[in-house]
Amino acid sequence: MRFLIKPFFAILVSLAFLPVQAEEVWPNHTVKFIVGFGPGGANDLVARVVAEGVSKQLNQAVIVENKPGAGSTLGADIVAKSAPDGYTFFVSAGGIITNPMIKSSMPYKEGDLVPVGLLTISPSIIVVSSDSKINSIKDLFAQAKTPKGINFSTAGTGSTPHFVAEMLSMKGGGKYEIIPYKSGSEGMVAVISNQVDATSEASVVVIPQIQGGKLKPIASTWSKRITALPNVPTAKEQGYPEIFIGHWAGVFAPKGTPDAILEKMNQAINAALKTTAVQSRLIPQGIEPAPGSRAFFTKFLADEKARLEPIVKRSNMKED
């Protein structure tokens, strides 16, 4: 009998350690990055480049799924309600902090998503169709004061293009008809086809169309000229420093995700952003990798909120 008890006890001890061992091998199956916009937009493109880099760091597949709608709130809600097991993350844009300012209600609470890491910052470029008579911000202001006004496409309420439109309106006055689309790429196509007069999109989205002669850039909304477009002046250079904003992308996880997993993902993101493979696909398109700690990303979010909230209030920005 004693001979049987010892092996049985040894089996129980080994089984007791199985859950701990299983947790230590994260990730042991495919990780998902959820993007709150349609394919082809700035966040989608950044997410796919970074997902590939993170996949190599973690030695596990990282796939991107597009869940567009409600200014990215649909995708954020899906992740907020996902299991906090480290297999579902949200690749956000600025809407994650501005949507709560704009919408009358949110499907999830502010603390239901926790910051993991900032990915990139991309300048926004104000563009018109190649055959437009608008050649500068001053020209755009002049048209806004005509009876026709300006039709301005955005990637949804509270998106970066929406903030650019509000900044233009607040600075130059006139009439702006803001038309939301599901993604920045759709808003850009609307400009090319002359369905709308202008938009402001991330460099990664518009540079190929500018180089192809389908779009005309009139200003960058960043602090300095873009290397890929050295002849395009900034809004500040044209006398309008208040028109300043960039597109950024960051990663969030459902509340309750183990801290060790959050830290490991942050480290994988940072390592990926520092590789030549990732940088060579981002920097030439005017996208700056922005690696940093979780604490750095948390402070970045707080600073953006403090800067943009007054614009929401002054413009009375509301959901569609």
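Colleague: Why is Glu237 called partly exposed?

Modeller: Happy to explain, keeping in mind that this is a predicted model. Glu237 has a relative accessible area of 47%. Buried means under 20% and exposed means over 50%, so Glu237 falls in between and counts as partly exposed.

Colleague: What makes Arg225 and Glu237 a salt bridge?

Modeller: Their closest N and O atoms are 2.9 Å apart. The cut-off is 4 Å between a side-chain nitrogen of Lys or Arg and a carboxyl oxygen of Asp or Glu, so this pair qualifies. The two residues are 12 apart, and both lie in the loop between β8 and β9. Arg225 is partly exposed too, at 37%.

Colleague: How do you know that Asp44 is buried?

Modeller: Its relative accessible area is 3%. Arg48, with which Asp44 forms a salt bridge at 2.9 Å, is partly exposed at 36%.

Colleague: Why are Asp44 and Arg48 separated by about one helical turn?

Modeller: Because they are 4 residues apart in helix α3.

Colleague: And what makes Glu304 buried or exposed?

Modeller: Glu304 has 12% relative accessibility, and the limit for buried is under 20%, so Glu304 is buried. Its salt-bridge partner is Arg307, with the closest N and O atoms 3.3 Å apart. Arg307 is partly exposed at 30%.

Colleague: How many salt bridges are there in total?

Modeller: The count comes to 12. Asp259, Glu263 and Arg294 are linked in a network of them.

Technical notes: Residues numbered from 1 in each chain as written. Predicted model: local features only at pLDDT ≥ 70, side-chain atom pairs only at ≥ 80, totals over all residues. Heavy atoms only, no water. Buried < 20%, exposed > 50% of the residue type's maximum accessible area, 1.4 Å probe, protein only.
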